[in-house]
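Take a walk through this chain.

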Amino acid sequence: MKTISVTVDDDTHRRLRIMAAEQGASVSDLVREQMLRVVNGKSQENTEETEPERRRRRLQEFQDKLQRSGVRFSAADRLTREEMYQRGAPR
């Protein structure tokens with residue numbers, strides 16, 4: 001994999017950092033994905049989901065599936081440290 005440098009103005013860089021943080025990605029991830037779209041002939045208007053968007057969607061689908069199946073998680077259900085290290089304790 002090659003590394004390239006791109007120069008942008010401060011405002012653009014700030015907006016890219018914000019956009020990346022909102023998507024759970026890095027600025028490099030956003031730029032890489034956009035460059036791949038250009039190289040592969042896909043326009044910016046194309047609504048194909050990015051890798052971070054795909055991960056977020058799959059996580060949400062998994063959480064929805066768990067909720068529909070009745071599985072619930074609660075911090076109150078956690079074992080205390082003492083309970084966790086008791087030998088033979090029910091889990």
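Start with helix α3, which covers residues 51-68 of this predicted model. Its 18 residues, at 1.5 Å a residue, should span 26 Å. The end C-alpha atoms of α3 are 26 Å apart, so expectation and model agree. After α3 comes G70. The phi of G70 is positive, near 95 degrees.

Now turn to helix α2, residues 27-39. The 13 residues of α2 should span 18 Å at 1.5 Å a residue. Its end C-alpha atoms lie 18 Å apart, which agrees. Just after α2 sits G41, with a positive phi of about 80 degrees.

Helix α2 also holds M35. M35 belongs to a nonpolar surface patch. An α-helix has 3.6 residues a turn, so residues three or four places apart point the same way.

Step back to the whole chain. How many helices and strands does the secondary structure come to? The count is 4 helices and 0 strands. Along the sequence, the pattern reads α-α-α-α. The chain has 91 residues, and buried residues make up 9% of them. Its accessible surface comes to about 8,500 Å². Carbon and sulfur atoms account for 51% of that surface.

Technical notes:
Residues numbered from 1 in each chain as written. Predicted model: local features only at pLDDT ≥ 70, side-chain atom pairs only at ≥ 80, totals over all residues. Heavy atoms only, no water. Patch = residues over 30% accessible without salt bridge, like charges linked within 9 Å, V, L, I, M, F, W, Y side chains within 5 Å. Areas by Shrake-Rupley, 256 points an atom, 1.4 Å probe, with all protein chains shown as cover. Salt bridge = Lys/Arg side-chain N within 4 Å of Asp/Glu carboxyl O. Helix = DSSP H or I, 4+ residues; strand = E, 2+ residues; numbered from the N terminus. Buried < 20%, exposed > 50% of the residue type's maximum accessible area, 1.4 Å probe, protein only. Expected span 1.5 Å × (residues − 1).
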